[in-house]
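Please read the points below with the model open beside you.

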Amino acid sequence: MDRHQQAEAYLAMLAPAQLAQAESLAFRSQLQRIPFDYSLASLGRIDDVLRALRATMKLPYGAFLEKQAAVNFLVALNFYLGTTIARTGQFALKWVDHAEAAQAIPDLPRRLETDVGCVIGNLVVFPAGVVAEMLFDPQPQRTCLAFAQHTISRLTERGQRLPEPLSRPVGEP
């Protein structure tokens with residue numbers, strides 16, 4: 001399964017009908033409060049859920065990664081955050097694995113957050129790093145919403161938006 005197929009599978013898990021039954025996904029009840037509509041507002045709601053989890057979760061990072069449902073949670077939010085940025089900003093999106101990302105970033109550390117990254121426009125980013133930072137960093141500096149807004153702003157300034165689709169010709173083919 002390539003990274004784009006993997007992204008589709010994880011994003012499908014966040015659909016309301018799937019989310020209620022996704023036993024392989026941690027924190028389902030918290031995620032059900034979020035309308036996964038690929039909007040910046042949904043990223044603000046994810047930030048609220050992550051802050052609440054951080055305040056109540058007693059699991060350290062290493063123990064968190066030992067639970068497959070928790071890893072699935074992190075990876076699903078990684079795919080959602082990257083896809084939301086690309087859709088909102090109208091940017092090209094390509095999911096990459098660590099080896100592909102390491103071609104652009106030679107000293108890229110190997111960890112879960114860098115295992116699935118993406119190229120949005122001409123930037124290589126790792127959305128899972130923001131989620132992990134919000135959950136485990138002693139002094140988190142970023143939020144999903146701020147990360148998205150900053151990335152969209154940077155890429156817009158560089159002229160990375162996809163062109164508007166061409167209108168369909170009228171008349172005979």
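The numbered points that follow describe one predicted model.

1. Basis of the note. The model is predicted, so local features need pLDDT of at least 70 and side-chain atom pairs count only at pLDDT 80 or more, while totals for chains, interfaces and linings use all residues. Residues are numbered from 1 along each chain as its sequence is written, and side-chain values use heavy atoms, with hydrogens and water left out. Helices (H or I, at least four residues) and strands (E, at least two) are DSSP runs, numbered from the N terminus.

2. The sheet. Three strands form an open sheet in the order E1-E2-E3, and the pairing is antiparallel. Strand E1 (93-97) and strand E3 (123-125) are at the edges with a single partner strand each, so one side of each has no neighbour in the sheet. On average, neighbouring strands are turned by 30° against each other, direction ignored. Two strands count as paired if DSSP finds at least two bridges between them.

3. Pairing within the sheet. E1 and E2 run antiparallel and are joined by 5 bridges; in this pair, Trp-95 stands opposite Cys-118 of E2. Strand E2 (residues 116-120) pairs with E3 over 3 bridges, also in the antiparallel sense. Here Val-119 is opposite Val-124 of E3, and Ile-120 has Leu-123 as its bridge partner in E3. The hairpin of E2 and E3 has 2 residues between the strands, and in it Gly-121 takes a positive phi near 60°. Of the 5 residues of E2, 4 are buried (buried means under 20% relative accessible area, exposed over 50%, partly exposed in between, with a 1.4 Å probe and protein chains only).

4. Helices on the sheet. Helix H1 (residues 3-13) lies across E1 and E2 and runs at about 105° to E1. Helix H6 (residues 68-89) also packs on the sheet, where it touches E1 and E2, and its direction makes about 150° with that of E1. Axes are lines fitted to C-alpha atoms, for helices over the stretch in contact, and angles run from 0 to 180 degrees between N-to-C directions.

5. H1 against H6. Two packed helices are described by the angle between their axes and the distance between the axes. The axes of H1 and H6 come within 9 Å and cross at roughly 105°. That makes H1 roughly perpendicular to H6 (angles under 35 degrees count as roughly parallel, over 145 as roughly antiparallel, 65 to 115 as roughly perpendicular and the rest as oblique). Residues in contact (heavy atoms within 4.5 Å) include Tyr-10 and Leu-11 of H1 and Phe-79 and Tyr-80 of H6. The residues of this contact divide into 7 nonpolar, 3 polar and 1 charged. Ala, Val, Leu, Ile, Met, Phe, Trp, Tyr, Cys and Pro count as nonpolar, Asp, Glu, Lys and Arg as charged, and the others, Gly among them, as polar.

6. H6 against H9. Helix H9 (residues 127-136) packs with H6 at an angle of about 125°, their axes 7 Å apart. H6 and H9 are therefore oblique to each other. Among the residues making the contact are Phe-73 and Leu-77 of H6 and Val-131 and Leu-135 of H9. The division is 10 nonpolar, 2 polar and no charged. H9 is largely enclosed by the rest of the structure, because 9 of its 10 residues are buried; Glu-133 is one of the buried residues.

7. H6 against H10. H6 and H10 pack at about 40°, with axes 10 Å apart, which makes H6 oblique to H10. The contact includes Leu-81 and Ile-85 of H6 and Cys-144 and Phe-147 of H10. Its residues divide into 6 nonpolar, 3 polar and no charged.

8. Cys-144. This residue is in helix H10 (residues 144-157). Is Cys-144 buried or exposed? At 2% relative accessibility, Cys-144 counts as buried. Leaving aside neighbours within four places in sequence, Cys-144 is in contact with residues including Leu-43, Leu-81, Val-130 and Met-134.

9. Leu-108. This residue lies in the loop between helix H7 (98-104) and helix H8 (112-115). Leu-108 is buried, with a relative accessible area of 12%. Beyond its neighbours within four places in sequence, Leu-108 is in contact with His-98, Ala-101, Ala-102, Thr-114 and Phe-126.
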